[in-house]
Amino acid sequence: MQEPTNTSAWQVLWSHYQEIKHAHMRDLFREDPGRFEVFSLQNGPVFLDYSKNRISWETMESLFDLAREIKLQDKIRSMFAGEKINTTEDRSVLHIALRNRSNRPIYVDGEDVMPEVNAVLEQMREFCGKVRSGRWKGYTGKPVTDVVNLGIGGSDLGPRMVTRALEDYAPPDLNVHFVSNVDAVDISRTLQNLSPETTLFIVASKSFTTQETMANARTAKQWLLKELGDERAVSEHFVAVSTNTEKVREFGIDPENMFRFWDWVGGRYSLWSAIGLPIAVAVGMDRFEELLSGAHAMDEHFRSADFENNIPVIMGLLSIWYVNFFQAGTQAILPYDQNLQYLPAYLQQGEMESNGKRTTLAGDVVDYHTAPVIWGEPGTNGQHAFFQLMHQGTRLIPSDFIAFVNPLHSQQEHHEMLLANFLAQTEALMLGKTEEEADREMSENGKSRSEISRLLQHNVFPGNNPSNSVLLQKLTPYNLGALLAVYEHKIFVQGAVWNINSFDQWGVELGKQLAKRILPELREKKRFEDHDSSTSGLLEFINTTAKL
């Protein structure tokens, strides 16, 4: 596999970067009044304006050449064909099969996976129908009022994010909660206002051995049995999303209530699978399938559109442009919708766990940057927190602004203010404010020349800060599915260019392994292992001062 820095397109981009790196977007817009029409496009519900980027058409042509030179189209075909592109784990990568609404056969090791995918969807439909209609009864015969999802990482962030985003579509008499942290505060606060008689737990763990999830599951089981007293109650109040039938049965869950998924589903791409069960419970299976349909439509766009008109390809290549040429270390995700409050955290895992790699597919250490740090907050809250740094700080921070043209609520005045801020911030980040403009503004506001001289530089904004604007008409399950698929495929594009495996996560395991070694030392208050002096000192301090 060819490394990107060795391609001829990369060399062209580097020369082009030297020419354009100091260009200001003010000038680019002034020189080309049609810039918006050139650098914007729509597919399905997703409208992308990428004109407020530090690019020319020459930039984009060279980026598209880079995509062609690293054979991006072949890599896309390999994923959709079920080839084992997760090479370190010898696995296919087929989250796209989970939402394959065309039901086109997709093969792994010569077997079409779609019949099994459809069987699990039907199992989910039956289960959700029982819970939502009140036909699923707890041990004492009462219907379920609260569902608690116990998971972590991809088994928590995706379902939590989507359930919160689609909260307006959920019934008022069925509440869905999420517990992920092994810190007992998380589960204790969740359970304190719930009734064991009417609470149903979803334990989401592929192996059914995930340390944090199983600790929370055991605590939930103890809480349930303390009230209901009979081990048989467990099977009425717990279901599992797992592949480990033996462990599920051992816990007390009826294997008939185990929802399967597969090793070709990565955790951070798993909300489309049975891991999305809490979403389906919250909004109903019809709407869950609308979510799948929106993602599938974007899959088809990504798979078939030429690069020049391909939204995920364009967004992925722009990220390469900033990370590897402008040396931008972070990217902000800024949804102007409170319903998307967990989207930055979800995309943080999606991108940083996928592309936070230092090793190429061939096992060589890279000599170029890979994933940026992803962070963000819903607008307008972020404006009063960190936008100061974006406007007048010393770091280049590319950002994605995401908004919906029409709100789900009826408060039009609020929504107009929200959209005004959305538009104003992208414009302000791009334009900035020159010395002349700042001088004139202060003069018009009655400032004296001495005051103007003293305050002038404080009122200057360099501008030239790049952003993408992503607009959708309304927050619906379908539209949300399309939006999330855009970012999944954007991440794929980045990994393909960087020649890394976006679908393993070996870095997650090291801390887990060490925690297992240290845990007995905390429990028995003695040291069994040789640690560095810092870890040994901290362990000694905790063991000698802990009151537990």
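Contact here means heavy atoms within 4.5 Å. The model is predicted.

**Helix pair**

By that criterion, α22 contributes Ile518, Glu521 and Leu522, and these meet Thr535, Leu539, Ile542 and Asn543 of α23. The residues of this contact split into four nonpolar, two polar and one charged. Helix α22 spans residues 507–523 and α23 spans residues 533–545. Their axes come within 10 Å. They cross at roughly 35°, and the crossing is right-handed.

**Sheet**

Six strands form an open sheet. The order is β1-β2-β13-β12-β10-β11, and the pairing is mixed. Which strands sit at the edges? They are β1 (40–43) and β11 (373–376), each pairing on one side only. From one strand to the next, the twist averages 20°. Strand β10 (residues 330–335) runs parallel to β11, and four bridges join the two. Thr330 stands opposite Val373 in β11.

**Helices on the sheet**

Helix α16 packs on the sheet and touches β10, β11 and β12. Helix α18 lies across β12 and β13. The table lists each helix with its direction relative to one strand.

| Helix | Residues | Strands | Angle |
|---|---|---|---|
| α16 | residues 343–355 | β10, β11 and β12 (399–404) | about 175° with β11 |
| α18 | residues 412–431 | β12 and β13 (467–472) | about 160° to β12 |

Note on methods: Residues are numbered from 1 along each chain as its sequence is written. This is a predicted model: local features need pLDDT of at least 70, side-chain atom pairs count only at pLDDT 80 or more; totals for chains, interfaces and linings use all residues. Side-chain values use heavy atoms; hydrogens and water are left out. Axes are lines fitted to C-alpha atoms, for helices over the stretch in contact, and angles run from 0 to 180 degrees between N-to-C directions. A crossing is left-handed if the near helix is turned anticlockwise from the far one by less than a right angle, and right-handed if clockwise. Ala, Val, Leu, Ile, Met, Phe, Trp, Tyr, Cys and Pro count as nonpolar, Asp, Glu, Lys and Arg as charged, and the others, Gly among them, as polar. Two strands pair if DSSP finds at least two bridges between them.
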